[in-house]
Amino acid sequence: MTNSGIPQLNVGLIGGGFMGKAHSLAYAAMPMFFWPAPAIPVRHTIAEVNEGLARTAAERFGFQNATGDWRRVIEDPNIHVVDIATPNNSHAEIAIAAAQAGKHILCEKPLAPTVAEAKAMYDAVRRAGVVHMVAFNYRRTPAVALAKKYIDEGRIGRVLSFRGTYLQDWSADPSGPLSWRFQKAIAGSGTLGDIGTHVVDLARYLVGDISAVNAMMHTYIQERPLQSGGADKLGASDKNASGPKGKVDVDDEVLTLLRFENGAVGSLEATRNAWGRNNYITFEIHGTEGTLFFNYERRDELQVFFNSDPSDARGLRTVYTGPAHPYGEGLWPIPALGIGYGETKIIEAYDFFKAITEGGTVRPNFEDGYKIELIADAIQRSAQQRREVEVEPVTV
């Protein structure tokens, strides 16, 4: 407990890579943005694959302790929160152990590489009664939350259609190494799980649950140089590009039509092979009374059209998010002053710790992650069978 009466919660972070950096930044900065904070995250222990990497990560990210064995994080009675920022195939084992130990859990996306593992994780946290969250942080971009507000208020009427994309180019270079993201045994899927599930989460958040899909998936680069180092550097060419290569057994591109349970229709396109696209996440939503358009590369902006606008001012116009909009009280005091990826993680941490201290729930949680894995599974089956496939229901 701090002098201000704010509780302190000790965090055990497992994984010191790109996402470990993003989560560490969020824990350090969250109380600076949202004060009084619901809790002060204490960077207690970080785990990596060996002691040397763990000590380096602890020094870099400001953790008090380091370990080369993630199980020590689970076993430590002083740790309240377990943060899983590891490759996909390790999520289930760590999360289930953390739930059984009574820890609150934040897990990176996708929740798991398979439906069976996602269900096991969801079952474990339900039985344990802990707070659980899956880190689909893009829905916490203020402009995205503003779009949700407009939809819930009926500003664009009944939603008719959703069109979403996530386009990157970091894997378009065939000399990029065969990292874990290109190996089905570790990642579960390729573009679909890595970035396509972000669009699925946005679609569910903004429009509603998806009932059926009709998909195509394709792999453009069939093999890649074997990775010479352990780092997962997106877009980096490997110095051993002329050396031995390994098979890529995941998708490079996914396209799918969507049917929503509420009658809306939609589409999703995701690829990591789109030269010139960096982090091009977009959605356009048409309703009976208006349209919303968002482009993450211009993340402070939401383009809107409302049919109620006067006839001499019709057309898409831009709303710049700021203090008057979702999460604005904790961010910057001037609209369009600018936010970045880090702020979405700060907001994520705020909502997560608020749920812990207030005894509530937070979305997206492991149930959402399980549902998204069911949708991803339907997309893969649809692409294989070349037909529309219904999404399997959640089983408990």
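Visitor: How many residues does helix H9 have, and what span does it reach?
Guide: Helix H9, residues 341–358, has 18 residues and reaches 26 Å from its first C-alpha to its last, close to the 26 Å expected at 1.5 Å a residue, where the expected span is 1.5 Å times one less than the number of residues. Helices (H or I, at least four residues) and strands (E, at least two) are DSSP runs, numbered from the N terminus.

Visitor: Before we go on, what sort of model is this?
Guide: It is a predicted model, in which local features need pLDDT of at least 70 and side-chain atom pairs count only at pLDDT 80 or more, while totals for chains, interfaces and linings use all residues. Residues are numbered from 1 along each chain as its sequence is written, and side-chain values use heavy atoms, with hydrogens and water left out.

Visitor: Back to H9: how many of its residues are buried?
Guide: In H9, 14 of the 18 residues are buried, so the helix is largely enclosed by the rest of the structure. Buried means under 20% relative accessible area, exposed means over 50%, and partly exposed lies in between, with a 1.4 Å probe and protein chains only.

Visitor: And what follows H9?
Guide: Gly-359 does, and its phi is positive, near 75°.

Visitor: Switching to Pro-41, where is it found, and is it buried or exposed?
Guide: Pro-41 is found in strand E2, which covers residues 40–47, and it counts as buried because its relative accessible area is 7%.

Visitor: Which residues does Pro-41 touch?
Guide: Leaving aside residues up to four places away in sequence, Pro-41 touches Leu-9, Val-11, Tyr-27, Met-30, Pro-31 and Phe-353, a contact being heavy atoms within 4.5 Å. Pro-41 and Tyr-350 are 309 residues apart in sequence, and their C-alpha atoms are 9.7 Å apart in space.

Visitor: How many salt bridges are there?
Guide: The structure holds 25 salt bridges, each being a side-chain nitrogen of Lys or Arg within 4 Å of a carboxyl oxygen of Asp or Glu.

Visitor: What about Asp-194 and Arg-272?
Guide: Their side chains meet in a salt bridge at 2.9 Å, N to O. Asp-194 lies in helix H8 and Arg-272 in the loop between strand E12 (265–271) and strand E13 (280–287), so the pair ties together parts that are 78 residues apart in sequence. Both Asp-194 and Arg-272 are buried.

Visitor: Which residues are linked in a network?
Guide: Arg-204, Asp-209, Arg-363, Glu-367, Asp-368 and Lys-371 are linked by salt bridges in a network.
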